[in-house]
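Please read the numbered points with the sequence and the model at hand.

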Amino acid sequence: MLAIVIPVCLGILGLAFLLTLARLLRGPSLPDRIVALDTLSINVIALIVVLGISLDSALFFEAALLIAVMGFVGTVALSKYLQRGDIIEY
Amino acid sequence: MALVLLIALPLLAAALTRVVGMRAARLLATVIIGFPLAALVLLLSLRAEVFAQPGHALGWRVAWLPALGLDLSLRLDGLSFLFALLVLGVGLLVILYARYYLARNESAVRFFCLLLLFMAAMLGVVLAGNLLLLVVFWELTSILSFLLIGFWSWRTDARQGARMALAVTGGGGLALLAGVLLLGHICGSFELSEVLAQAGKVQHHPLYLPMLVLILLAVFTKSAQFPFSFWLPHAMAAPTPVSAYLHSATMVKAGVFLLARLYPVLDGTNSWFYLVSMTGLATLIFGAGLALLQRDLKGLLAYSTISHLGLITLLFGLDTQLSTVAAIFHIINHAVFKASLFMAAGIIDHETGTRDLDRLHGLARYMPHTAVLAIVASLSMAGVPLFNGFLSKEMFFGETLAQGLLGEFNWVIPAAATMAGALTMAYSLRFIYGVFFGRGQPDVPNYPPHEPPRFMKVPVEFLVVICLVVGLVPAYTVGDLLAAASLATLRAPLPEYSLHLWHGVNLPLLMSLVSMAGGATLFFLRRDALRRWQQAIEHLSARRSFEQGMAALERFARAVTQWLEDGSLQTYVAWMLLAMLAVPAYFLADLESLAGSVPAGAIDPIGTATLALLALCAIAVVVAHRQRLLALVLLSGCGLMVSVAFLRFSAPDLALTQISVEVVTILLLVLALFYLPRETHDRPGHGRRARDAVLALGGGTLLAVAAYAVMTRPYDPVSTFYVDQSVPGGGGHNVVNVLLVDFRGFDTMGEICVLLIAGLAVQALLKGMRLPTPSAAPDGLPWTSQAHPLLLAILARLMLPLTLLVAVFILLRGHNQPGGGFIAALITSVALLLQYVANGVRWTEARIAPDYRAIAGAGILLAGLTGLGSLAFGYPFLTTAFGHFHIPGIGEVELATAMIFDLGVFCTVTGTTLVIVSHLGVRNLPPAQAAEDA
Amino acid sequence: MLHPVAEFIVCALLLVGSVFMLVGAIGLFRLPDFFMRLHGPTKSTTLGVGGVVLASVAYFSFRGDASLHELLVTAFLFLTAPISAHMLAKAALQRQLPVDPRTRGSGWMPRIKD
Amino acid sequence: MMRRLLPHPWLSLILMLIWLMLTHSVAPGHWLLGALLGWAIGRLADRWLVLGAFRLSRPDLIARLSFHVLIDIVKANLEVAVMVLGPTARLRPAFIVVPLDVEHELATTALISIVSLSPGTLCAELSDDRRALLVHVLDLEEEAALVGLIKSRYETPLKEIFQCLPS
Amino acid sequence: MAALYAIAIGILTASGIYLLLRERVFTVVLGLTLLSYAVSLFLLGMGRLSIGRPPVIAPGASYADPLPQALVLTAIVIAFGMTAFAVVLALRSLGLTGSDHVDAAGRPEAHRDDAADMESRP
Amino acid sequence: MNHAVLLPILIPMFAGALLTAMPAQRLRAQRIVCAVAALLLIPVAVLLLRHAATGDIAVYAMGNWSAPFGIVLQLDRTGAMMLALTAVLAIAALAAAGEGTARQGRHFHTLFQFQLMGLNGAFLAGDLFNLFVFFEILLIASYALLVHGAGRARIGAGLHYVILNLVASSFFLVAIGVLYGLAGTLNMAHLGLRLAGLPAQDLPLAVAAGVMLMLVFALKAALFPLYFWLPRAYASATGPVAALFAIMTKVGIYAMLRCDALIFGGAQGLLGPFLHDWVFVLALATLVIGALGALAARALRAMTGYLVVASVGLLAACIAMQTQAGWAAAMYYLLSTTLCTAALFLLADALEPEPAREDGAPVSASRLAGLLYLVGVVAAVGLPPLSGFLGKAMILRATPAPWMPVLWPVVLVSSLLLLIAVSRTGTRLLWRLPHEAGRVPEGDEYLDEDHPGAARLRVRPDARKLACCALLLAGNVALTVCARPVSDYVADAAAQLLDRAAYQRAVLPGEQG
Ligand code: NA
Ligand code: NA
């Protein structure tokens with residue numbers, strides 16, 4: 001069952017990737033693209049976890065954890081830049 | 001050893017000038033004159049030994065650079081004896097003369113030092129027993145000549161004259177180097193004794209002609225032969241003792257000395273005869289003609305020197321043996337009378353303040369003694385009987401008749417010689433008559449002129465006496481010297497010749513008479529014509545042409561340089577890419593088949609999708625590159641996909657690294673973006689874009705081809721060793737980490753150094769940097785009022801402990817699972833930097849304010865000391881140790897020195913990252929704070 | 001191999017998670033204005049990851065390797081997703097992004113007037 | 001003394017538990033290491049976690065709120081899924097202002113997070129005086145009802161949980 | 001797979017090079033970053049492609065070549081340091097010239113600004 | 001195992017780390033640490049030189065992992081020579097820097113030490129990737145030192161220098177990657193062994209990678225058309241930094257020699273066609289461009305930069321020869337030209353005000369400066385009697401017969417152009433002015449022909465810098481006087497370099513019979 005479900009999941013995730021990428025490329029506004037980038041990184045987390053199951057390997061865990069811990073920092077920096085210009089202020 | 005002393009004595013004297021350092025020319029000259037005098041005595045004491053048997057040479061040799069064949073080898077035979085005698089003898093007289101010539105406030109120390117150095121160098125040229133050594137001294141004379149011509153360095157004519165002389169004679173020296181190298185290559189040695197014995201081999205060698213041309217180039221430039229004569233008149237900007245010494249008696253003779261020195265190996269071919277004789281002939285006439293038209297007294301003497309050097313060269317080029325003897329004889333005579341003439345000219349200049357022939361006349365009344373001396377010397381120059389010049393001129397005329405170079409046009413040479421004789425007579429008369437006779441009082445600055453100090457005339461008197469004595473009794477005075485020198489030059493039994501004043505009425509005598517009469521006629525009857533010609537050529541200045549040529553050369557050089565270095569980085573990068581892509585591609589084109597023997601693996605959908613997304617993002621970055629923030633967002637997408645690719649292709653450590661580096665890079669670039677314009681408006685032309693596209697596609701293709709070709713070929717990597725040894729030898733399960741901290745820990749050591757240096761460099765760059773800070777968003781909308789939104793501020797604080805825990809986890813885990821010091825450090829850095837973003841600099845640094853730089857430095861120390869630790873146990877640097885310890889109640893614990901090393905990595909990376917980003921972040925603090933910061 | 005029931009649980013969680021990921025992406029793709037699009041990723045996607053992570057927890061636990069650490073991924077995401085969304089919304093307000101014309105309420109608070 | 005040695009016992013405990021989750025191990029060594037790290041980071045964190053003095057009370061409320069939030073997240077996600085997949089023309093987007101009564105910044109933070117995580121609503125802005133929230137709603141039926149729901153279901157328990165102490 | 005992988009490297013390289021040849025330092029830095037991605041993938045590929053074989057020792061596993069991975073790791077770190085320096089250098093140039101054009105600081109009006117820059121140093 | 005091999009790397013590294021951790025305000029303490037560390041390199045260099053002179057190739061296996069698995073350092077005659085040269089330059093540059101230079105910016109001493117670490121490491125590296133790492137160390141340090149003191153010219157030059165080198169580093173990695181992908185190893189000796197056994201159909205890949213590697217080194221060496229970074233970089237760096245940079249191009253030359261000999265097999269090896277056909281032509285072009293550039297340059301520091309370019313052209317021509325005599329000549333000339341160009345940079349720093357001015361020319365009446373200039377340019381142009389001449393003559397003599405008709409004229413003409421350039425710059429810079437001579441200027445004759453009506457700045461040269469310049473030139477004179485032992489040494493060094501089997505025996509005792 002898993003052998004069928006995993007490719008299906010990957011397919012669904014692939015579709016999600018495509019839609020997100022389309023938003024990333026189309027915009028139209030910068031916040032739109034940043035949201036898309038953020039979503040892309042969360043999609044990657046899901047992809048990594050699914051890959052871990054499919055390869056029966058726990059070695060992917062750290063990558064997912066790292067994206068979860070740090071991925072939002074980029075989003076925060078970019079959106080703060082849009083709000084304030086300077087991201088590190090006094 | 002005596003030969004060394006010959007050169008060393010003037011050198012010692014030169015050193016002494018520096019030591020004594022007296023500014024009084026007269027006293028200094030008195031002190032130092034002993035050294036050349038001693039050298040002269042030494043030389044004369046060797047006379048018997050040199051003259052004793054024909055062809056005998058004294059030698060001294062010490063190896064200097066055997067690899068090159070360059071030995072410190074000296075050789076004294078008849079020829080070098082003659083020249084050494086001239087150098088020392090005239091040198092002595094010049095020093096004596098200069099003692100009175102130099103003005104009180106001129107730097108006598110420098111002058112005498114240079115003059116003595118020149119003397120040593122010139123002695124080196126004539127005594128060199130090794131051809132390369134000769135080149136060494138040869139160029140030294142050029143350099144010293146440059147310095148002496150430019151002695152009055154504030155004068156434009158001196159500076160320009162000096163540079164011109166250096167360019168011409170120095171250039172000739174370079175040709176000499178090439179010629180000598182060829183000659184040495186042909187002979188297998190640079191030792192004169194060996195080279196001179198191989199005439200046959202040399203002359204039949206295919207390289208003979210280029211070698212000859214190169215050597216003759218040196219000869220002709222140094223001896224101011226046509227068409228390289230132009231430098232010599234401008235060398236007259238030098239003080240007169242220098243002109244007398246270098247530019248008449250010695251240095252310019254170095255060229256003809258070389259002709260004599262290499263005569264045995266070079267002479268005897270048609271190339272030699274024609275090149276040498278025709279150059280000499282042209283110079284003879286050219287020099288004599290121009291000498292007649294000079295207005296400057298020293299200019300006249302300079303062109304006269306050129307002409308006489310041409311005469312000597314012509315003699316060397318004639319195909320008779322006796323012509324060579326005549327050449328040597330004329331070298332002696334010319335040195336004597338020309339030196340005395342220069343000194344006389346110097347006296348005139350010194351006492352009257354001018355050298356302008358149009359202003360000088362009737363000086364015989366004011367300085368009769370000098371006048372007599374100058375007249376005698378001039379007559380000798382003109383080749384009037386009773387004086388030495390006559391004798392060699394007679395021989396010269398005789399040889400022009402005896403030679404047979406031009407077949408049916410053979411008469412041209414004697415005819416031209418006679419004409420040159422006439423011209424010589426004419427300019428000699430001009431000198432005598434123009435300066436010393438004529439009516440009216442001279443129009444000179446120092447009026448009335450008077451005789452110089454007594455001892456200033458002594459050298460002139462001495463030389464004039466020689467002119468007379470040699471002219472009267474040549475055989476008894478210079479007979480031996482001439483014979484010895486000629487023998488050394490010819491290296492064959494001497495031809496029959498007789499040194500007598502009177503040989504009876506013969507054709508040469510007739511030619512003499514014709515030339516003297518013609519010269520007198522020309523001068524006395526055609527003075528108006530001469531004056532017109534003189535005015536006609538006055539605007540023709542070789543110096544101006546030369547300077548213009550140099551300026552043109554400089555303009556050309558600047559044009560080329562500016563064309564290449566247009567200051568545009570794109571041009572440079574394009575050049576570089578062109579080289580780095582096209583040339584390897586050229587060699588890669590030899591590859592027969594792109595695909596190797598390994599079958600390409602099955603297509604992996606996930607990998608393919610990842611790569612496709614990656615490529616799309618990359619292309620999107622290119623499309624969007626003018627909108628900077630957008631490009632940055634898209635680039636970040638690329639980075640994300642690269643980490644997925646790493647993960648997919650079995651490189652979890654790389655994925656972790658990429659993810660963390662990506663975040664820090666984004667922070668960095670966003671910080672930078674604040675100061676940068678948001679969009680780029682550059683619109684390069686189609687040509688530029690097409691060029692860039694070609695380079696880009698070329699680069700992409702090259703890398704793709706190389707990657708594919710290599711990946712489809714088998715290989716046998718050493719890395720199986722790492723996999724095998726990772727656990728037993730390195731004590732870790734994560735092979736990549738064991739590689740980084742153990743197998744190739746040294747690379748990591750270097751890598752953290754790079755990072756630390758980058759941090760220091762950034763800190764250094766940021767010091768004192770002032771950047772304009774935009775007060776509103778580029779689109780004109782106001783910034784939001786909240787600098788630190790509550791949600792972000794609070795959650796960032798909450799995230800910090802959690803993230804630190806994750807960092808510790810990644811650090812400790814790295815040895816066995818994906819992770820390690822580097823990634824842990826980036827996580828820590830990001831967590832801390834988030835505080836800067838979320839809570840501001842003041843808040844953050846009030847709570848977390850360690851010295852990041854010190855931490856970074858301590859990290860390197862820690863890693864390095866860990867490496868050194870192994871030395872204590874007799875193992876090489878960076879040898880690791882690890883062990884499994886069983887602790888009761890806790891279980892088995894693995895400890896490895898590599899972990900301490902990794903901790904060092906952690907500290908350095910954390911410290912550096914924080915230094916870089918936080919320092920960039922706190923750039924635009926409120927002014928008060930910025931002042932404190934600075 | 002896994003017990004069929006275990007396998008079923010894992011599969012179901014996987015599918016649910018993936019579908020939520022897709023829903024988030026669809027929302028991001030097709031909703032008409034930025035503020036509406038922001039809803040998709042912040043919630044559905046986060047939940048989607050939660051589902052997939054639970055699948056992973058279940059999978060490795062059923063494999064006899066009781067594993068909870070994947071949950072941390074979700075926990076961190078739940079902690080950080082609101083920050084991203086909040087910051088992005090603030091950015092969008094600053095940039096005065098166009099909103100769907102049907103949107104009620106001005107969106108501008110009195111304080112912005114100053 | 002105890003406060004100086006172990007300023008954030010809850011945090012330290014949570015950190016230790018997270019450590020055990022991370023290392024995926026319940027070996028005694030990891031308990032020890034986790035406790036050590038929890039203590040050390042907790043002590044370090046004392047300087048950063050300047051959150052204003054407060055006391056967590058009513059653990060039962062915490063549990064109930066957490067449960068509510070989880071349920072809401074799942075339930076409302078399904079609604080959003082329907083909205084997203086259905087015709088977008090039927091959606092009724094709106095910005096609404098939610099006046100706030102909570103004072104503690106941690107409570108405010110939690111409220112913003114919860115509002116943003118529960119589907120259909122998204123906190124766009126907090127007023128400078130922190131007395132009002134600007135919330136974007138994907139499909140708003142009635143403003144007053146939603147404001148009331150947020151205040152009663154989330155804000156009131158939060159207010160009770162975070163007891164401000166005079167500092 | 002190798003062919004697709006190679007093509008991806010090619011596209012990344014081409015994009016990077018094209019951006020490298022632009023006039024603004026920021027764009028050039030983007031280009032350098034893309035180029036370094038390409039080089040990282042290239043180096044990884046030199047250890048040949050493998051899926052599901054990370055070089056972490058486990059019973060009965062086979063492994064990808066770990067050496068190129070170690071090299072890429074070092075290269076990424078170095079590239080990070082270099083990028084940081086280049087960015088700050090660009091800012092310094094911007095501060096001196098008011099432009100982030102790659103050639104801005106090399107243009108003639110050097111002396112006055114130089115003096116200004118020196119004066120601004122404490 | 002002889003741990004002394006480590007010292008040239010570890011001394012500056014620990015000094016650098018220590019300096020980093022030290023407070024920035026303690027400038028005096030920093031200077032002392034820096035000076036002690038630099039001075040220590042001299043006895044170390046002597047020790048290593050004496051060891052290398054025995055002909056033994058010392059191999060140091062890092063972490064006790066022998067080649068080809070671990071990273072090894074290898075010390076041979078060539079490496080020891082370069083280490084010694086670096087140490088001498090370092091001392092002179094550091095002494096010349098003084099406190100003023102350090103105060104111009106931050107971290108001067110630290111960066112200086114790391115620069116030395118990078119240089120020394122590059123000379124000792126026996127592993128290709130480790131060579132890359134040391135190149136990066138010396139590059140990043142050089143970036144920072146180049147812009148030390150900031151100022152517009154430096155920043156502009158620095159930006160170009162940095163970007164060009166960053167691109168080159170990418171290609172460096174690509175070349176390393178291809179070589180590893182083919183041979184499966186990174187140790188240079190082992191690479192040589194493996195490449196020799198490569199199937200013929202794969203050779204073009206190895207050649208292309210080798211060519212790329214050589215071009216990367218050629219960029220560091222500043223060979224045409226990869227030299228563009230150099231003139232402005234050297235002209236704008238502070239004097240002591242420029243003096244230290246004199247060795248920078250030589251690292252490129254060294255790496256070309258080392259890699260060609262050890263990895264690609266030297267004369268009969270893989271890169272023969274490339275070196276013979278391409279590098280030779282590029283070398284000639286470089287020589288000509290260097291000479292023209294020197295002629296075009298107005299200031300001494302700019303001219304000296306082009307003297308460096310010209311010398312690189314000549315050295316590259318020697319590399320292309322791939323003969324023992326050619327390489328020996330190259331090494332001798334390398335020593336000579338490095339010392340004298342470094343000295344000239346220091347002299348320029350002493351004579352020319354900063355920032356360089358184009359409108360008014362400086363002039364100095366210092367006799368010592370004049371003498372130093374004379375000695376320096378005589379050595380740099382290759383005039384007798386100094387070592388530059390000996391080196392050039394050795395190079396000309398080592399030229400293979402077919403190349404003579406091309407190389408000789410180019411060398412001689414370029415020397416002439418350089419001679420013209422140095423004589424012009426020298427007279428402009430050093431010859432006295434009328435008022436100093438105590439004479440009344442008479443009309444136009446006394447106006448400076450180069451800058452009619454231009455203001456002349458009287459310069460009082462810094463004695464410290466002159467002394468350091470003199471030290472370097474004394475080194476050059478020593479090279480001349482001791483030409484025989486030095487030439488014997490470089491001949492042995494070149495022979496050793498070309499004896500690939502000896503390296504393979506020393507580095508990989510197990511791999512070869
Ligand atoms: Na800031
Ligand atoms: Na003859």
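This is a predicted model: local features need pLDDT of at least 70, side-chain atom pairs count only at pLDDT 80 or more; totals for chains, interfaces and linings use all residues.

1. Helix H6 (residues 108–127) of chain B has 20 residues and spans 28 Å from its first C-alpha to its last, close to the 28 Å expected at 1.5 Å a residue. Helices here are DSSP runs (H or I, at least four residues), numbered from the N terminus, and the expected span is 1.5 Å times one less than the number of residues. Of the 20 residues of H6(B), 19 are buried, where buried means under 20% relative accessible area with a 1.4 Å probe, protein chains only.

2. Residues are numbered from 1 along each chain as its sequence is written, chains are lettered from A and ligands numbered from 1 in the order in which they are written, and side-chain values use heavy atoms, with hydrogens and water left out.

3. Also in chain B, Gly280(B) belongs to helix H16 (residues 270–292). Gly280(B) is buried, at a relative accessible area of 0%. Apart from neighbours within four places in sequence, the residues in contact with Gly280(B) (heavy atoms within 4.5 Å) are Gln225(B), Gly310(B), Leu311(B), Thr313(B) and Leu314(B). Thr489(B) lies 209 residues away from Gly280(B) along the chain, and their C-alpha atoms are separated by 19 Å.

4. The interface of chain B and chain F comes next. How many residues does each chain bring to the contact? Chain B gives 115 residues and chain F gives 129. About 11,000 Å² is buried between chain B and chain F, and carbon and sulfur atoms give 75% of this; buried area is the accessible area (1.4 Å probe) that two parts lose on being put together, summed over both. Trp154(B), Met580(B) and Phe746(B) supply 8% of the area that chain B buries against chain F, more than any other three residues.

5. Between chain B and chain F the count is four. In one pair, Glu554(B) meets Arg424(F) with the closest N and O atoms 3.0 Å apart. This pair runs from helix H26 (residues 542–564) of chain B to helix H17 (residues 404–430) of chain F. Glu554(B) is buried at 13% relative accessible area, and Arg424(F) is buried at 5%.

6. Asp202(F) forms a salt bridge with Arg713(B), the closest N and O atoms being 2.7 Å apart. Asp202(F) lies in the loop between helix H7 (188–196) and helix H8 (203–221) of chain F, and Arg713(B) in the loop between helix H31 (686–711) and helix H32 (719–730) of chain B, so the pair joins two chains. Asp202(F) is buried at 7% relative accessibility, as is Arg713(B) at 3%. Asp716(B) and Arg194(F) also meet in a salt bridge, at 3.5 Å from N to O.

7. Within chain D, Glu155(D) forms a salt bridge with Lys151(D), the closest N and O atoms being 2.7 Å apart. The two residues are separated by about one helical turn because they stand four residues apart in helix H6 (residues 143–161) of chain D. Both Glu155(D) and Lys151(D) are buried.

Conventions:
A salt bridge is a side-chain nitrogen of Lys or Arg within 4 Å of a carboxyl oxygen of Asp or Glu. Buried means under 20% relative accessible area, exposed over 50%, partly exposed in between (1.4 Å probe, protein chains only).
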